[in-house]
Amino acid sequence: MADWELRAASMADLEEIVEIRAVVMRADLERLGRYDEHRVRQRLRDAYQPEHTSAIEVAGALVGCVALRPAADAYWLEHFLLVPELQGKGIGSAVLRSLLERPDREGALTRLNVLQGSAARRLYERHGFVLESEDEVDVYMVRTPANRTP
């Protein structure tokens with residue numbers, strides 16, 4: 001596994017992250033008949049909150065991001081993106097383990113949604129996320145903190 005690190009994201013990272021999102025999400029969105037060149041980028045621009053986002057770097061290069069946004073009843077894991085050439089190499093699992101330490105420490109639930117049929121769902125399931133609900137496009141998952149029973 002490549003050495004990686006998380007750092008606080010900033011507005012200066014936005015456009016590079018937007019382009020990573022367009023590449024990462026394209027195949028799943030096309031499979032679902034929902035790929036739109038503009039919309040895939042604009043959705044992240046509209047939702048981006050650098051104060052809750054961490055940039056993922058390998059060898060000093062921005063290779064992805066992940067957000068952990070506090071909400072009333074849980075944390076929301078959002079915008080978990082990693083360039084395709086680094087997927088499947090253990091970085092995503094390591095980043096996820098690191099990120100989930102906070103909700104575990106606080107005894108908080110973590111929620112997320114993933115596209116139907118996305119390989120990312122298996123990553124989330126390996127880290128304790130279970131199906132909460134789903135529709136034709138999204139799968140909503142929840143994770144009980146490691147130190148709390150459901």
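## Basis of the model

This is a predicted model, in which local features need pLDDT of at least 70 and side-chain atom pairs count only at pLDDT 80 or more, while totals for chains, interfaces and linings use all residues. Residues are numbered from 1 along each chain as its sequence is written, and side-chain values use heavy atoms, with hydrogens and water left out.

## Overall fold and dimensions

Four helices and seven strands make up the secondary structure of the protein. Read from the N terminus, the order of elements is β-α-α-β-β-β-α-β-α-β-β. Helices (H or I, at least four residues) and strands (E, at least two) are DSSP runs, numbered from the N terminus.

The radius of gyration of the protein is 15 Å, which agrees with the value near 15 Å for a compact globule of 150 residues. This radius is taken over C-alpha atoms, and the globule rule is 2.2 Å times the number of residues to the power 0.38. Along the principal axes, the C-alpha atoms fill a box of roughly 40 × 35 × 30 Å. Glu15 lies in helix 1 (residues 14-31).

## Burial, contacts and charge

Of the 150 residues in the protein, 46% are buried. Buried means under 20% relative accessible area, exposed means over 50%, and partly exposed lies in between (1.4 Å probe, protein chains only). Glu15 counts as partly exposed because its relative accessibility is 40%.

Among contacts (heavy atoms within 4.5 Å) between residues at least 6 apart in sequence, 60% join residues at least 24 apart. The protein has 20 positive and 25 negative charges, and their mean positions are 3 Å apart. Lys and Arg count as positive and Asp and Glu as negative, whereas His and the chain ends are not counted. Each charge is placed at NZ of Lys, CZ of Arg, CG of Asp or CD of Glu.

Rings of Phe, Tyr and Trp (its six-membered ring) pair if their centres lie within 6.5 Å; planes under 30 degrees apart count as stacked, over 60 as edge-to-face and the rest as tilted. By this rule there are two aromatic pairs. Phe80 and Tyr124 form a tilted pair, 6.4 Å centre to centre with 45° between the planes. This pair links distant parts of the chain, since Phe80 is in strand 4 (residues 75-82) and Tyr124 in helix 4 (residues 120-126), 44 residues apart.

Tyr124 also pairs edge-to-face with Phe129, at 5.8 Å centre to centre and 70° between the planes.

## Residues with positive phi

Most residues other than glycine have a negative phi. Ala59, not a glycine, has a positive phi of about 55°. Ala59 is found in the loop between strand 2 (53-58) and strand 3 (61-70), and counts as exposed because its relative accessibility is 80%.

His79, also not a glycine, has a positive phi of about 50°. His79 is in strand 4, and with a relative accessible area of 21% it is partly exposed.
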